[in-house]
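Please read the following note with the structure open beside it. Each numbered point takes up one part of the chain and may be checked against the coordinates in turn.

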Amino acid sequence: MSRRALRASLAAALLALLPGARPAEAAGRKPYHGVVTVPVGDLLGATDPHAARGPDDRVVASLVHARLVVPDGAGGVRPELAAELPTVTGRGLVFTLVDGATFHDGSPVRAADVVLSLRRAGQAADKAGVGALFAALGVDESDGRVVVTPPRGASTAEVLALLARPEAAILEGGRPGTDRGAGPFRPAGDGARAYRLDAFAGAARGRPFLDAVQLKRVADTEAERTAFAFGELDLSDEDSTRGRRVGRPVASGRVTWLAIPNPRFSGDGASDLRRAVAVLAARARLGRFVEARPLDGDGLWPRGVGPSDDAITPPTAPPALPALTIAYRADDRELGDLARALRDTLRPMVSGTARVVAVPGLDAAAARGAPRPDWDFALVRHVWAATTPAQAALELALTVGIAPPDAASVLAGDVRRWADLAVKRARAIPILHCDAPLLVRPGVNVAPEAPGVPDLADGWRSR
């Protein structure tokens with residue numbers, strides 16, 4: 001039995017002896033009960049957390065799988081499968097595993113599982129992104145301990161932040177699968193539109209307070225907003241006026257709307273055009289066209305998220321366009337509203353027709369991969385996952401498809417020169433930065449573990 005569960009059992013027994021004792025909640029203790037329903041688009045995070053790409057993947061991965069360390073919600077990390085934070089020997093970080101940690105099938109978590117998992121993350125994760133960071137680490141076993149050796153000059157804080165990401169999940173034998181996790185919730189069944197995760201009593205951090213998490217598939221942003229408003233979901237990261245009428249917002253990170261240019265506008269010769277688009281969008285204050293709360297700032301990153309808060313400077317003379325086409329994802333009404341507002345904002349630069357087009361399945365990856373698109377700019381939404389400014393630099397580069405900073409610089413936290421050049425050349429086109437709140441229904445108590453990832457392992461539900 002975990003230390004947390006033992007304390008809870010003793011408290012419950014003591015309350016039972018008291019005259020007129022009420023349920024555990026009356027004493028202010030979190031109750032062990034309740035099911036929380038959360039939206040997801042797919043279940044990749046459960047089957048292969050190393051390949052996690054979007055917010056849904058990271059949320060599911062954090063529920064089903066465990067890591068050496070996890071974010072503490074305050075910018076640092078705390079142990080999970082590690083017994084304590086690592087000792088530093090030479091250039092290596094030495095982790096001792098917590099006693100008694102097991103996978104969902106009861107098998108013990110061994111140092112070999114950690115080594116195989118982190119090595120695989122360097123192969124399976126995005127090879128230009130966090131995969132490159134994992135690949136830059138040396139990971140070995142020594143006397144039952146795990147030794148992580150980063151590149152020379154790396155920051156211990158940056159390495160720990162990387163190991164706390166959901167993509168750093170530890171799998172049994174280092175192989176993917178829903179039955180190879182050691183996280184706080186164990187997969188229990190599949191359905192047509194929902195997937196149930198039951199509390200795992202053997203979790204390294206102790207049994208979760210919730211009995212289960214129900215994952216419900218939602219088709220798009222409007223479907224999620226409707227499901228939350230009508231009580232079908234307990235959490236939603238899609239902000240809306242009607243959602244705030246029935247739930248409370250919890251700060252959960254940042255979101256940025258970006259314009260990804262047609263490849264012919266991606267080189268240095270088009271930097272004036274990109275700068276003009278970014279500056280006009282910032283001046284137009286387009287936040288009134290989206291549900292989320294807009295943030296001040298006209299840099300590449302929301303303030304405090306990235307390595308630079310410097311503003312993009314306007315060009316000497318705004319360039320002219322013969323025509324303008326802005327594309328957006330067809331099933332996203334909010335993106336459509338913002339695309340039309342951006343079209344009207346940029347119209348003074350256009351001598352001919354300015355229009356918007358709805359494109360099925362258009363996201364950042366699809367926009368980057370379009371060789372000869374029939375649009376000039378693709379408007380996409382990006383929810384930030386990075387927990388350090390250096391990670392945010394890498395994340396921006398991957399999102400918009402530009403050359404990223406090298407892995408050694410990111411792990412050293414030394415990306416300022418790269419960031420300054422990216423701002424100067426307007427290598428990305430930010431349209432709007434906003435808060436990304438998590439909407440929570442009454443009776444559900446949860447705090448963010450990391451940007452976009454609620455800590456359901458420590459969440460609870462009132463009776």
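1. Confidence. This is a predicted model. The protein chain has a mean pLDDT of 90, and 92% of its residues reach 70 or more. Where pLDDT is low, the predicted coordinates should not be read in detail.

2. The pair of Tyr 32 and Phe 209. With ring centres required to lie within 6.5 Å, the count comes to three aromatic pairs. In one of them, the ring centres of Tyr 32 and Phe 209 are 4.8 Å apart and the planes meet at 45°, so this pair is tilted. The two residues belong to distant parts of the chain, 177 residues apart: Tyr 32 lies in the loop between α1 (3-17) and β1 (35-40), and Phe 209 lies in the loop between β9 (194-199) and β10 (212-217). Are these two residues buried or exposed? Tyr 32 is partly exposed, because its relative accessible area is 21%. Phe 209 is buried, because its relative accessibility is 7%.

3. The pair of Phe 265 and Phe 377. These two rings form a stacked aromatic pair, with 5.9 Å from centre to centre and 20° between the planes. This pair, too, links distant parts of the chain, the partners being 112 residues apart. Phe 265 is in the loop between β13 (254-261) and α9 (271-284), while Phe 377 is in strand β16 (residues 377-383). Phe 265 counts as buried because its relative accessible area is 12%. Phe 377 is buried as well, at 2% relative accessibility.

4. A charge over a ring. The ring of Phe 228 has the charged end of Arg 441 sitting over it, at 5.6 Å from the ring centre.

5. Ser 240. This residue is found in the loop between β11 (235-236) and α8 (241-246). Ser 240 is buried, because its relative accessibility is 4%. A polar atom of the Ser 240 side chain lies 2.9 Å from the backbone nitrogen of Gly 243. Leaving aside residues up to four places away in sequence, Ser 240 touches Arg 225, Glu 291 and Leu 439.

6. His 50. Which partners does the side chain of His 50 reach? One is the side chain of Arg 120, with which the side chain of His 50 makes a polar contact of 2.9 Å. Another is the backbone oxygen of Ala 169, also at 2.9 Å. His 50 lies in the loop between α2 (44-47) and α3 (55-64). His 50 counts as buried because its relative accessibility is 0%.

7. Helix α9. This helix has 14 residues and reaches 20 Å from its first C-alpha to its last, close to the 20 Å expected at 1.5 Å a residue. Its buried residues include Leu 273, Val 277 and Val 279, and also Arg 274 and Arg 275. Among the elements that cover the buried residues of α9 are β13, α10 (333-346), β16, α14 (416-424) and β17 (430-435).

8. Helix α10. The 14 residues of α10 should span 20 Å at 1.5 Å a residue, and the end C-alpha atoms are 20 Å apart, so the two values agree. This helix is mostly covered, with 10 of its 14 residues buried. Among the buried residues are Glu 334, Leu 338, Leu 342 and Leu 346.

9. Positive phi angles. Most residues other than glycine have a negative phi. Arg 285, however, has a positive phi near 50°, and this residue comes just after α9. It lies in the loop between α9 and β14 (324-329). Ala 426 likewise has a positive phi near 50°, and its place is in the loop between α14 and β17. Where do the two residues stand in accessibility, buried or exposed? Arg 285 is exposed, because its relative accessibility is 60%. Ala 426 is buried, because its relative accessible area is 0%.

Conventions
Residues numbered from 1 in each chain as written. Predicted model: local features only at pLDDT ≥ 70, side-chain atom pairs only at ≥ 80, totals over all residues. Heavy atoms only, no water. Phe/Tyr/Trp six-rings, centres within 6.5 Å; stacked < 30°, edge-to-face > 60°. Helix = DSSP H or I, 4+ residues; strand = E, 2+ residues; numbered from the N terminus. Buried < 20%, exposed > 50% of the residue type's maximum accessible area, 1.4 Å probe, protein only. Lys NZ or Arg CZ within 6 Å of the ring centre and 35° of its normal. Polar contact = N/O pair within 3.5 Å; in protein donor to acceptor, adjacent residues only side chain to side chain. Contact = heavy atoms within 4.5 Å. Expected span 1.5 Å × (residues − 1). pLDDT = per-residue confidence, 0-100.
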